[in-house]
Amino acid sequence: MKLFLKDHWDVIILYVIDAVFLSFAYHRIDGFQTGGGIFYFLFLSLFLLFLLLLCRYLRKRKLYRALEKGPETLEDLIDAGGRDTQTNAFSDYNRKCYDLCQRQIITQKEETGQWQNHLMQWVHQMKTPVSVIRLMVQSDAKKMDTFGVLYELDRLQNQMDLMLGMARAGQVKNDLVVEKISLGGLLQEVIRKNKRLFIQRKVFPRVEIHEEMLISSDRKWLSFAIEQILHNAVKYSEEDSAIEIRAEKAGLHVHLMIRDHGTGIRKRDLPRVFELYYTGSNGRENDQSSGIGLYLVKEILDDLGHAIAIESEAGQGTSVSIMI
């Protein structure tokens, strides 16, 4: 009720002033012969004002009560409808706000759930190399396999790079430094960094790229993307096989191809390999995939303006093409 009176105080004051002024003016021109006539006029005016305010209050009572009480739940926002046009318009506005809020909550829950799943998978991935390193140290520190320890540390580093890349997904554009770089030199750096991976798995790269071949890209992020592709290629390759890496000019662009001769990707999995957390049949069978690497590769290459495509057949290996 207080809110209603505050909303109509100007109407009340104007009506009272108008009634007093009219009654006085009418009296001056001999309209009212007695004081009772003036009182009757004022009483009738105030009575009509009361009826007007009462009708308006009854029509908007639900709205004013809702505004004075305040919402206790989000559902209260959409429970202020009535017979008044303004009240219904306000209710419709609140309903739209409620729907928008619900969509944002659902989106936030999905994103939070994805991060929770990713963290659980990441912790699971960390357990194996940590356990292996611990066993190596505990078994015999003097005869510890340094190469094996470094290999496990490389696995840890790769998983931490994935975590960092995941945390920065969507912000790559803010960290791009596009420059002319040697594609052959960049690939040699990536291969040297992951040499223990190739040796441990007995899978070796075969590079056919001229050192003079230049590309325009961001060295750090393109290296990260190529490294993840190579990790996948090694992961699903047989021992003593090779990974073929070559590049050729395609007009104004450079076509980079990375092909392995491993297990390949089943036809039903191929359309979804870039989806976040999608591991496919190979990942479920071997329990080696987090479903993050190729997702980040696609996101990064999209930000760099490079196209990527994958061709594969189960048992025949996989070919990844990047148009730079």
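Predicted model: local features only at pLDDT ≥ 70, side-chain atom pairs only at ≥ 80, totals over all residues.
Local features need pLDDT of at least 70 and side-chain atom pairs count only at pLDDT 80 or more, whereas totals for chains, interfaces and linings use all residues. Residues are numbered from 1 along each chain as its sequence is written, and side-chain values use heavy atoms, with hydrogens and water left out.

The structure contains 6 salt bridges, a salt bridge being a side-chain nitrogen of Lys or Arg within 4 Å of a carboxyl oxygen of Asp or Glu. One of them joins the side chains of Glu227 and Lys193, with an N to O distance of 3.2 Å. Glu227 lies in helix α7 and Lys193 in helix α5 (residues 183–193), so this pair ties together parts that are 34 residues apart in sequence. Helices (H or I, at least four residues) and strands (E, at least two) are DSSP runs, numbered from the N terminus. Glu227 is buried at 6% relative accessible area, while Lys193 is partly exposed at 45%; buried means under 20%, exposed over 50% and partly exposed in between (1.4 Å probe, protein chains only).

Arg206, Glu244 and Arg246 are linked in a network of salt bridges. The closest N and O atoms of Glu244 and Arg206 are 3.2 Å apart. Glu244 belongs to strand β4 (residues 241–250) and Arg206 to strand β2 (residues 203–208), so the pair ties together parts that are 38 residues apart in sequence. The salt bridge between Arg246 and Glu244 has an N to O distance of 4.0 Å. Arg206 is partly exposed, at 43% relative accessibility, and Arg246 is partly exposed at 33%.

The structure holds 1 aromatic pair. Trp221 and Phe224 are arranged edge-to-face, at 6.1 Å centre to centre and 75 degrees between the planes. Rings of Phe, Tyr and Trp (its six-membered ring) pair if their centres lie within 6.5 Å; planes under 30 degrees apart count as stacked, over 60 as edge-to-face and the rest as tilted. Trp221 and Phe224 are 3 residues apart in helix α7 (residues 219–235), which means a separation of about one helical turn. Trp221 is buried, at 6% relative accessible area, and Phe224 is buried at 11%.

Thr318 is located in strand β7 (residues 317–323) and is buried, with 9% relative accessibility. Beyond four places in sequence, the residues in contact with Thr318 include Ile258, Asp260 and Ile310, contact meaning heavy atoms within 4.5 Å.
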